[in-house]
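Colleague: I would like to go through this model with you, one point at a time. Could you put it on the screen?

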Amino acid sequence: MTGDHYFTAEPTTAARPREVEFSAGGRDYTLASASGVFSANRLDPGTAVLLRKADLPAHDTTGPLLDIGCGFGPITCVLATSAPAATVWAVDVNERARELTAANAARVGAADRVRVVAPDDLPADVTFAQIWSNPPIHIGKGELHGLLHRWLPRLTPDGVAWLVVARHLGGDSLHRWLVEQGWQVERHASQKGYRVLRVTR
């Protein structure tokens with residue numbers, strides 16, 4: 001066992017490249033992945049539920065859009081292809097994940113519209129029409145709350161955030177916490193033990 005996690009900034013494990021295939025929004029994707037990133041071997045089940053049940057951006061959406069914890073980039077790539085006029089910002093602490101997301105944006109023909117950055121490198125003045133995330137629950141409740149405190153206020157006044165959280169990992173308690181913080185939260189869908197939350201101001 002190594003000390004690497006998907007939220008390790010610079011994974012030291014060998015990359016071991018692979019490809020992940022999935023379908024979303026009526027399109028098939030084959031994306032590059034590698035060990036040392038979140039759900040390296042398949043589309044994470046929570047991400048699959050999010051992409052299936054949340055309202056993908058309309059074709060004429062201009063964004064900007066944000067993917068928090070992009071991993072190897074499945075959400076980023078679906079957003080970029082669903083909204084070909086939008087700029088998508090992809091944020092991850094994991095350097096390998098960022099490299100893969102950039103490569104996958106090129107695979108789907110969206111390299112010119114995807115900005116892949118470390119959290120501290122995203123300009124402070126950018127606000128987002130949509131925020132998407134399968135948030136990293138395993139970083140711990142305090143860190144998770146800090147992450148959401150950091151990014152949700154970057155929503156535009158009429159923006160929407162889509163989050164997916166497993167019920168057994170605290171999906172309902174996170175819903176309550178967001179409401180306590182003053183957000184409008186709707187449980188938009190439930191499937192396979194996951195909650196899809198729609199969050200607005």
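This is a predicted model: local features need pLDDT of at least 70, side-chain atom pairs count only at pLDDT 80 or more; totals for chains, interfaces and linings use all residues.

Colleague: How many aromatic pairs does the structure hold, and is the pair of F22 and Y29 stacked or edge-to-face?

Modeller: The structure holds two aromatic pairs. In one of them, F22 and Y29 lie 5.1 Å centre to centre, with 10° between the planes. Planes under 30 degrees apart count as stacked. The pair of F22 and Y29 is therefore stacked.

Colleague: Are F22 and Y29 buried or exposed?

Modeller: The cut-off for buried is under 20% relative accessible area. F22 has 8%, and Y29 has 3%. So F22 is buried, and Y29 is buried.

Colleague: What is the geometry of the pair W132 and W162?

Modeller: The ring centres of W132 and W162 are 6.0 Å apart, and 35° separates the planes. Stacked needs under 30 degrees and edge-to-face needs over 60, so the rest count as tilted. W132 and W162 are tilted.

Colleague: Which strands does that pair link?

Modeller: W132 and W162 are 30 residues apart, so the pair links distant parts of the chain. W132 counts as buried at 0% relative accessibility, and W162 is buried at 2%. The strands are β6 (residues 128–133) for W132 and β7 (residues 155–166) for W162.

Colleague: Which side chain does the side chain of Q130 make a polar contact with?

Modeller: Q130 lies in strand β6. Q130 is buried, at 10% relative accessible area. Beyond residues up to four places away in sequence, Q130 touches P57, T61, P64, L65, L66, L155 and V160. The polar contact, at 2.9 Å, is with the side chain of W132.

Colleague: Which side chain makes a polar contact with R150?

Modeller: R150 sits in helix α4 (residues 141–151) and is partly exposed at 38%. Leaving aside neighbours within four places in sequence, R150 is in contact with P119 and D120. The polar contact is 2.8 Å, side chain to side chain, and the partner is D120.

Colleague: Does the 19 Å between the end C-alpha atoms of helix α3 agree or disagree with what 13 residues should span?

Modeller: Helix α3 covers residues 95–107. At 1.5 Å a residue, its 13 residues should span 18 Å. The end C-alpha atoms are 19 Å apart, so the two values agree.

Colleague: Which residue caps the N-terminal end of α3?

Modeller: Look for a side-chain oxygen by the backbone nitrogen of R96. Such an oxygen lies 2.9 Å from that nitrogen. At the other end, α3 is followed by G109, with a positive phi near 75°. The N-terminal cap is N94.

Colleague: What covers the buried residues of α3?

Modeller: The buried residues of α3 are R96, A97, R98, L100, T101, N104 and A105. Their cover includes two strands from β4 and β5, at 88–91 and 114–117. Also included are α2 (74–82) and β2 (27–34).

Colleague: Which elements do the buried residues of α1 pack against?

Modeller: In α1, G46, T47, A48, V49, L50 and L51 are buried. R52, also in α1 (residues 45–53), is partly exposed at 44%. At the start of α1, a side-chain oxygen of D44 comes within 2.9 Å of the backbone nitrogen of G46. The buried residues pack against β1, α2, β6, β7, β8 and β9.

Colleague: How many of the nine residues of α2 are buried?

Modeller: The buried list for α2 runs P74, I75, T76, C77, V78, L79, A80, T81 and S82. So α2 is largely enclosed by the rest of the structure. The count is nine of the nine.

Colleague: What is the volume of the largest cavity?

Modeller: A search of the whole structure finds one cavity of 30 Å³ or more. Of the 13 residues that line the largest cavity, the closest to its centre are F38, T47, G69, C70 and P74. The volume of the largest cavity is about 80 Å³.

Notes:
Residues are numbered from 1 along each chain as its sequence is written. Side-chain values use heavy atoms; hydrogens and water are left out. Rings of Phe, Tyr and Trp (its six-membered ring) pair if their centres lie within 6.5 Å; planes under 30 degrees apart count as stacked, over 60 as edge-to-face and the rest as tilted. Buried means under 20% relative accessible area, exposed over 50%, partly exposed in between (1.4 Å probe, protein chains only). Helices (H or I, at least four residues) and strands (E, at least two) are DSSP runs, numbered from the N terminus. Contact means heavy atoms within 4.5 Å. A polar contact is a pair of N or O atoms within 3.5 Å; within protein, one must be able to donate a hydrogen and the other to accept it, and residues adjacent in sequence count only if both atoms are side-chain atoms. The expected span of a helix is 1.5 Å times one less than its number of residues. On a 1 Å grid over the protein atoms alone, a cavity is a set of points where a 1.4 Å probe fits but cannot get out, and a pocket is an open set with protein on both sides within 12 Å along at least five of seven lines; lining residues have an atom within 4 Å of a point. Grid points are joined across faces, edges and corners, and a volume is the space filled by probe spheres set on the points.
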